[in-house]
There are 2 protein chains.
Amino acid sequence: MIGLKETEKRLKEFEPIFYPRSIAVAGASADPRKMGSQWVNGLLAAGFSGEIYPVNPLGGEISGLKIYPNLRTIPKPVDLVIVCIPRQFVLSLLDDCAVAGVKAVHFFTAGFRETGEPEWIRVEEEIVEKAHKGGFRIIGPNCIGIYSPEQRIPYGPSPLSGAAGTIGFISQSGGHAGKILEIGLGRGIHFSKVVSMGNGSDLDSVDFLEYLTVDPRTAIIGAYLEGARDARRLFQAIKAVSPTKPIVVWKGGRTEAGAEAATSHTGALTASAAVWSAALKQAGAIEVQGLEELADTLLLFQQLGPLKGNNVGIVCGLTDGGGGESVLAADACATSGLNVPPFTEKTKAQLTALLGQVGSVLRNPLDISQSYGNTQVVGQAMELVVREPHLDLLVVYENVDILLRFLPAEITEAMNNIFIGFHRRQDKPIVVVLPRGSMERERLEIEGKFSREGIPVYPTMERAARAIAHVSRYSHLHKSLSVC
Amino acid sequence: MIGLKETEKRLKEFEPIFYPRSIAVAGASADPRKMGSQWVNGLLAAGFSGEIYPVNPLGGEISGLKIYPNLRTIPKPVDLVIVCIPRQFVLSLLDDCAVAGVKAVHFFTAGFRETGEPEWIRVEEEIVEKAHKGGFRIIGPNCIGIYSPEQRIPYGPSPLSGAAGTIGFISQSGGHAGKILEIGLGRGIHFSKVVSMGNGSDLDSVDFLEYLTVDPRTAIIGAYLEGARDARRLFQAIKAVSPTKPIVVWKGGRTEAGAEAATSHTGALTASAAVWSAALKQAGAIEVQGLEELADTLLLFQQLGPLKGNNVGIVCGLTDGGGGESVLAADACATSGLNVPPFTEKTKAQLTALLGQVGSVLRNPLDISQSYGNTQVVGQAMELVVREPHLDLLVVYENVDILLRFLPAEITEAMNNIFIGFHRRQDKPIVVVLPRGSMERERLEIEGKFSREGIPVYPTMERAARAIAHVSRYSHLHKSLSVC
């Protein structure tokens, strides 16, 4: 645990980065197609509340804003500078930054260390030296930088912005950071802050991690990392934060082919996947493989928080075909290390009385085919399963297309309202699986409805099970940590 | 290899099942909500070309068709009977089937062996005895039965029907068979025949497999199996067919929890997962885990057929963020055992001349970020990659939402047309990955466009890689088999 003073110092240091009162964009121009212009228009479209100062020696105007010839001529203080000018001009720009007293400089401009060319590696070093001397921090170079929805800073040169949430995300890939935001818009995953730090020449992943550790708006941390400049410090930071904020890490470049691609990408020197996995585990992080597993796990943490255990009750066969679904669901859960414990004898007897025996599987996973469109029976069966004291959460497996093909749409809606009702009662966390099929429009509508209620939705049982396993393992570890 | 005579005998035997000239539905009535009535209306809606005879002792009419009081009163021959009457009446119905000279009887009716009750297990045995004596075959009981799009027989009591294709599918779960059809409608997977055989009291999975082996309309075979009554015969049948038709098997009940669910479902006695895996491998089948992997693999076989090898060329970063994408793609491919070999020096030099160095990863996976919206450059880069002689197929990783957010829609369309152009030239098989994000409607439209052209589309790189690995392993094995 760090002290209050240190916490305040960190928050203060990153304030001009995530909550700047003013942003200058070097490289904006009257031509809206220019990258700098797109940054300015993105900030305007996202509704950035502070001052925006376009900068370009050619002057002119963009979207009603005056373009300043240089940073020195801006009449008011500048907190953050976004750099979109050719790389050969960046060093002199930094001299202006020092004069203007800016607090942080983000380089969208690329072409430095990652080229492997000595000349440009040297320039990157000079950038950092100038920053140290000038009293400001560097984000990048070669990165998309900051996303701060609370401050209405969109992601990159675009208006991409969503609702503010509780997940802080750190990425060594601007593409993955952008994509996780896009996935979040689709699936209801909301971020407090996102940063893609590119080469991380000055502020590196560990600096941002230390900030998110103390940031009161961040409750969950996600990270895409290809390597670490100072692995010891990184794993110390992960260890420090993991007991209080879950940290989900996707390590890129786990395979030889992936590591080679990573070397070309961020120049990261990648240790072996096994070493990373062991270190992440020891530091209390949750390691995931790939973009979707990362999003799946963050979504579950966001929507449900810690889980009491990994005993899963499963309800399937909402129309028919629940026999095969129950096998699929049990296999998927068991493969991820979840328990699918039997129902108590009393509940089994009550389910048999309710659903009858023929053609249904009255065990966990529960096949409620025999309710065939009787929503009252669905509600009663759910009630019996929810009341099972040894189950920690419920998964509902809903084949939207089969439901809609065989039953009137009102019945599907009524069933979904029943599940939402149980979720609202908060007796037990509920996860819904809506597998892809032939009616994507309807399926996405139902996903949106569940999402807005705070119910996490997954496209396959396997992905739901993996996310549940990650969260329950973290919850278990965290419980033991708290006991210590 | 079986002889011509045996082949003809098998085809002849299953003709009344998959190509019946007439179908009687026992249990149809004037009430359209009755299950039997839904079967009749489903057949009519799907455009079944043969005669339909509703049967019910109460008589009456359904959808303009006369309801016969029993099978004996139907004036013309009946090939197939679909049974939707309560289980206590089925034995006397079978006596009528014998008198009427029907060829096959499908029992939608359930409640026999799967109940575990001695009385009903005995009735199932009697059903088979009556069939043997009466000279007809049994499908089921407790199953959805037959789907035969060529003959316009829909799946189950519904109008669910798609275009006829080349995949034959056998399932011990009616739910999974229905779901794979729904997935097929969404993703362009087309079936020659599908059968869910329930308890398989007479015709079992292996009988249908032997039929699909000789069926000239079936080129690829898929199966969902929970167990086998005669495992030796099943694996012999798989071994016999696998050199000429790829057979993709999903074994349900691989885990203890899944096996328990399977026991309740089909009463299948499940051998251990390891034993099944070893036997499937030895028989030359492709084993998959789960519904999505099954669909993914069938799709690749259908669209691309055998692959020359597992050397993959990857193109990503269509807008930006290709650095992270290239790491993701390489990791996913390598994890599935695919090769991502380097480009030749000549091609690397040409790519550098075309795309420039800064910010792009000019290796395999190829990050074409630097083309930023220049479709001509995209086309030229694709041409260079396609021409690499050591690559067996190409994967294009396209983030639809990022493309559409940063570039005009016409550019995305032009890029997609370029990929389609390469596919049409058939120089090299092309697979497209369209990861889920924030613009699902647009993404599905693009998926449909690729699909209709015969390009297989996947929602994640991991799933594409797994399917490619399965198909290339099969192709490799098949090649060595042909050599023997």
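Copies are superposed by least squares on the C-alpha atoms of residues with pLDDT of at least 70 in both. This is a predicted model: local features need pLDDT of at least 70, side-chain atom pairs count only at pLDDT 80 or more, and totals for chains, interfaces and linings use all residues. Residues are numbered from 1 along each chain as its sequence is written, chains are lettered from A in the order in which they are written, and side-chain values use heavy atoms, without hydrogens and water.

Q: What rotation superposes chain A on chain B?
A: A rotation of 180 degrees, with 0.0 Å of shift along its axis and an RMSD of 0.0 Å. The two copies are therefore related as by a two-fold rotation axis. In chain A, the C-alpha of Arg441(A) is nearest the axis, 3.8 Å from it.

Q: How do you know that the copies meet through the same surface?
A: Of the interface residues of chain A, 96% are also interface residues in chain B, so the surface is the same. Contact means heavy atoms within 4.5 Å. By that rule, 73 residues of chain A are in contact with 71 residues of chain B.

Q: What makes Arg405(A) and Glu182(B) a salt bridge?
A: The rule asks for a side-chain nitrogen of Lys or Arg within 4 Å of a carboxyl oxygen of Asp or Glu. In this pair the closest N and O atoms are 2.6 Å apart, so the pair qualifies. Across the interface of chain A and chain B the rule finds eight salt bridges.

Q: How do you know that Cys84(B) is in no disulfide?
A: A disulfide needs two cysteine sulfur atoms within 2.5 Å. A search of the whole structure finds zero disulfides over all chains. For Cys84(B), the nearest cysteine sulfur, that of Cys143(B), is 10 Å away. Cys333(B) is in no disulfide either; the sulfur of Cys316(B), the nearest, is 10 Å away.

Q: Why is Cys333(B) called buried?
A: Buried means under 20% relative accessible area, exposed over 50%, partly exposed in between (1.4 Å probe, protein chains only). Cys333(B) has 0%, so the residue is buried. Cys84(B), with 14%, is buried too.
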